[in-house]
Amino acid sequence: MGGSVASAQLSPNFYATTCPRALSLIQSLVNATVANETRMGASLLRLHFHDCFGCDASILLRDNATFTGEQSTPPNANSIRGMDVIDNIKAQVERLCPSVVSCADILTLVARDSVVVLGGPSWTVPLGRRDSTSANQTAALVNIPSPALNLSGLVAAFASQGLNARELVALSGAHTIGQARCTAFRNRIYNDTNIDSNFATLRRANCPSAGGDGNLAPLDVNTSTIFDNTYYTNLVGMRGLLHSDQELFNNGSTDAQVTVYNSNVTSFFSDFASAMVKMGNISPLTGSNGQIRTNCSRTN
């Protein structure tokens, strides 16, 4: 995965002449969306994460009679949200500049804008991705890290995409916002031993040992609608919601990095922004590959 090769093909100024108002329009729409429903900021950021590991908007393709996409795979089923928001943004961008701005670039910009509006860092987004004409259900299943993974599994999953352990810890900080379903953390709150007992009791109240799969809990127990570094504070206090979260601070090789981010929000913001750019550069479609979808949920 030559991240450097990809970034050479992408440019922050890609739409400077073809659709100069696109970026400000997208940002204003994200700001309005998140003002209306704060949680949507986290959902939009997650869409980008689940699309990347190949940032080509394949996650947005809806199933039809001849095609089964990524939305029904276990990492995405009943949990990805915000496709309608992307559809709305795309429709407004299309009115501004028809068939110019890709859904993949919109997803990447929306992720950045969601972080910014919730108080996180900003970064310059390289642009010029094109949209896939197919989706890979198997890749989505294999590549998206499970909340049940241990540290070595997480490190391997990110390494397979060219992301190192420090970038794993930084990108996991996206869990400073948003919610998770009971089914994703049930095993942790009933079976893990490296968990604060009061925290486990609190989470069990809304996540029974059987049933209630869709019941939600904040990934960051303190400030679930503010993009800050308290995710790492939670890990140090053994209050990570997902098993995979707490694995980052569990007497292992990433403990020191968690400690740095817990004590230094500037360091976390800087590393998160850099890692988001790198993740957004994973094997994009550029040039004549792919297409510019006019409707993000289906191919042209």
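Buried stands for under 20% relative accessible area, exposed for over 50%, and partly exposed for what lies in between, with a 1.4 Å probe and protein chains only. Helices (H or I, at least four residues) and strands (E, at least two) are DSSP runs that are numbered from the N terminus.

Residues are numbered from 1 along each chain as its sequence is written, and side-chain values use heavy atoms, with hydrogens and water left out. Because the model is predicted, local features need pLDDT of at least 70 and side-chain atom pairs count only at pLDDT 80 or more, whereas totals for chains, interfaces and linings use all residues.

### Disulfides

A search of the whole structure finds three disulfides, a disulfide being a pair of cysteine sulfur atoms within 2.5 Å.

| Disulfide | S to S distance |
|---|---|
| Cys19 and Cys97 | 2.0 Å |
| Cys103 and Cys296 | 2.1 Å |
| Cys182 and Cys207 | 1.9 Å |

The link of Cys19 and Cys97 is right-handed, with 80 degrees about the S-S bond. This pair links distant parts of the chain, 78 residues apart, with Cys19 in the loop between helix H1 (3-9) and helix H2 (22-36) and Cys97 in the loop between helix H4 (83-96) and helix H5 (103-117). Cys19 is buried at a relative accessible area of 0%, and Cys97 counts as buried at 9%.

For Cys103 and Cys296, the torsion about the S-S bond is about -100 degrees, so this disulfide is left-handed. The pair again links distant parts of the chain, 193 residues apart, from Cys103 in helix H5 to Cys296 in the segment after H14. Cys103 is buried, with 0% relative accessible area, and Cys296 counts as buried at 1%.

The link of Cys182 and Cys207 is right-handed, with 75 degrees about the S-S bond. Cys182 lies in helix H9 (residues 182-191) and Cys207 in the loop between helix H10 (197-204) and strand E2 (216-218), so the pair ties together parts that are 25 residues apart in sequence. Both Cys182 and Cys207 are buried.

### Aromatic pairs

Rings of Phe, Tyr and Trp (its six-membered ring) pair if their centres lie within 6.5 Å, and planes under 30 degrees apart count as stacked, over 60 as edge-to-face and the rest as tilted. By this rule the count comes to 11 aromatic pairs. One of them is the edge-to-face pair of Trp123 and Phe272, with 5.9 Å centre to centre and 75 degrees between the planes. Trp123 sits in the loop between H5 and H6 and Phe272 in helix H14, 149 residues apart, and both residues are buried. The rings of Tyr261 and Phe268 have centres 5.7 Å apart and planes at 50 degrees, so that pair is tilted. Ring pairs link Trp123, Phe227, Tyr231, Tyr232, Tyr261, Phe268, Phe269 and Phe272 into a cluster.
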